[in-house]
Amino acid sequence: MAKVFVSYRRSDSRKDAGRIYDHLLDAFGKDNVFKDVDSIPIGTDFRGVLREAITQTDALLVIIGAQWLNVTDENGQRRLDDPNDFVRLEIVSALQQPHIRVIPVLVDHATMPAADDLPEDMRELTYRNATVIRDDPDFKRDVDKLIYALKEVFAAADVPEPTTPQAVGTSGIRGRWGILAGVVAVLAVAIVAISLLNPQPATPESSPTPIATATETARPQNLTTVTAISQLDTTVTEAMLQRTVDALETRNAQVFAESTATAQAIGRALPPSTEVAIQRLDTTATEAMLQRTVDALETRNAQVFAESTATAQAIISTAAPTSSEAVVLTPVTANADWTPVERDFNGVAMVLVPAGCFEMGYDGGDDDETPITSICFDAPFWIDKYEVSNEQFVELGGQASNSSRWVSIPNRPRESVTWFEARDYCNLRGGRLPTEAEWEYAARGPDSLKYPWGDQFATDNLVYRGNSDFRTMAIGSRSGGVSWVGAYDMLGNVWEWASSIYVSYPYDAVDGREDMQRITVSRVRRGGSYYNSEEFLDRTGAAERQGEEPSAYSDDLGFRCAVDAAE
């Protein structure tokens, strides 16, 4: 059954109508989009087909080009003045049916015709809110806005949410950092700040297949990548050690306060150091009592120092690479040479993206994905293992003007956020939005794969129109689609905001496209969504990029965050 009907005048807007039709097919599928040349079977009475299609339509797009109003027939008469003109019949039929959304679509710099310029039975069209589709480089962005409006038409007939949502874990295997921090928490229970070393997320109902740690995996290892993490991230290690020292000093202050209170209780002032002899006490009994107190406090001090030292040594011995392990700082040259490394950041799982190079862009797609350019990263960075979920967005203080469409399901990706809201949430976490180069590198790797999992499209590896039932799915629910660094849903489920300004390739990080202060320019979104078809996603894979106004939002647009490894 036709859901969207594309009405156009061939001599006026055939090229624009064809491009719009192709994008509609990607979003809704061939069975849900009607366009005369492509949808009328050969040998049939097209008048009957058109009438039938109109009655089954939910939305009629009236493509209006610069000549649409004044196109004439072979006799020089304006076509719209002919009561039997098929464009006129399509529009009048749709206007007479209240359930059909009639949307004027202005192309080729056209303006909305005045009511007096239209036949009387068409004048209602003038009062329908129009949308504008501009030429490149704005074409894709404008079509996406139109598609989002059409999604609202389809949403009215959407299937209700299941009562038992699919659950997925957000922790998985945290690696040796998480294990170390857990041991530290036990050893240094008296240290107030030790909890900062390993905040634990809530226990998930179930977990996707975890990424193997360096000691468990059969994949080729880039030496001992896990134990070299702090060499890649020394500032973080120093910060952890500093927190340990701060905790120790806090405990020392408590110890001295306890000593002072004890001394005052027996009528004496505490000497500057607990090591000072207590020779001035008047009686042997009092002296013995104070000595026992001092001994006990000094024993406790020694325990605190021992615990802190053990913590520091454990961190250093685990993190500091040997001379052979330092080779990990050399950029990775093949996806298979990297073993995924995961770390917990305040309850959010992130995966490490090592230094390396890849070929950014793709031939065979739209012009904005070319030319292909070699992009290199001299330093590693962290990126979220999963798309930001509804639960994480709320728990970590995210703010948005619009509610998630599936707000009641905690493990669905948080969508309906603007670029500004996504940026602010990442900043709140001490991170940032990834650049589009970082995003694509994390998805494709040094092998420059077409998809996060390889070079062949696999329907089981992503959430897309063919299996989504026009809704998002739980984050991480497609374990086969994990990327080379261990990131899930880099293709499908929801589009993801990147920090980058939407301008033409070649990508250059220092040409102004990463200027975060410019607030009126379009920003890049990546990865496709549950609304996109196999034909659309198969065209360019993880190299697909689109532009969107930073204030825009939709129920198939979310994000994930990145953190510099040196922070």
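These legends walk through several close-up views of the predicted model above. Since the model is predicted, local features need pLDDT of at least 70 and side-chain atom pairs count only at pLDDT 80 or more, while totals for chains, interfaces and linings use all residues. Numbering starts from 1 along each chain as its sequence is written, and side-chain values use heavy atoms, with hydrogens and water left out.

**View 1. Helix α1 packs against helix α5.**
Here are residues 10-28 (α1) and residues 139-155 (α5), with axes 10 Å apart and an angle of about 50°. That makes α1 oblique to α5. (Oblique is what remains once angles under 35 degrees are called roughly parallel, over 145 roughly antiparallel, and 65 to 115 roughly perpendicular.) Axes are lines fitted to C-alpha atoms, for helices over the stretch in contact, and angles run from 0 to 180 degrees between N-to-C directions. Helices (H or I, at least four residues) and strands (E, at least two) are DSSP runs, numbered from the N terminus.

**View 2. Who meets whom between α1 and α5.**
On the α1 side, look for Arg19, Ile20, His23, Leu24, Ala27 and Phe28. Their partners in α5 include Phe139, Val143, Leu146 and Phe154. Contact means heavy atoms within 4.5 Å. Sorted by type, the residues of this contact come out as 10 nonpolar, 1 polar and 3 charged. (Ala, Val, Leu, Ile, Met, Phe, Trp, Tyr, Cys and Pro count as nonpolar, Asp, Glu, Lys and Arg as charged, and the others, Gly among them, as polar.)

**View 3. An open sheet of 4 strands.**
The strands line up as β13-β12-β11-β14, with mixed pairing. β13 (545-548) and β14 (557-558) are at the edges with a single partner strand each, so one side of each has no neighbour in the sheet. α5 packs on this sheet too, touching β12 and β13, and its direction makes about 75° with that of β13. Two strands pair if DSSP finds at least two bridges between them.

**View 4. Strand β12 and its partners.**
β11 (residues 495-501) and β12 (residues 523-526) run antiparallel, joined by 3 bridges. Trp497 stands opposite Arg525 in β12, and Glu496 has Arg526 as its bridge partner. β12 also pairs with β13 in the antiparallel sense, over 4 bridges; there, Arg526 is partnered by Arg545. In a regular strand the side chains alternate between the two faces of the sheet. In β12 both faces are covered: Arg523 and Arg525 are buried on one side, Val524 and Arg526 on the other. (Buried means under 20% relative accessible area, exposed over 50%, partly exposed in between, using a 1.4 Å probe and protein chains only.)

**View 5. Helix α12, tucked inside.**
With 9 of the 9 residues buried, α12 is largely enclosed by the rest of the structure. Take Glu438, in this helix of residues 436-444: its relative accessible area is 8%, so Glu438 counts as buried. Leaving out residues up to four places away in sequence, Glu438 touches Phe377, Phe381 and Arg432. Just after α12 comes Gly445, with a positive phi of about 80°.

Asn493 is in the loop between α13 and β11, with a positive phi of about 70° and 0% relative accessibility.
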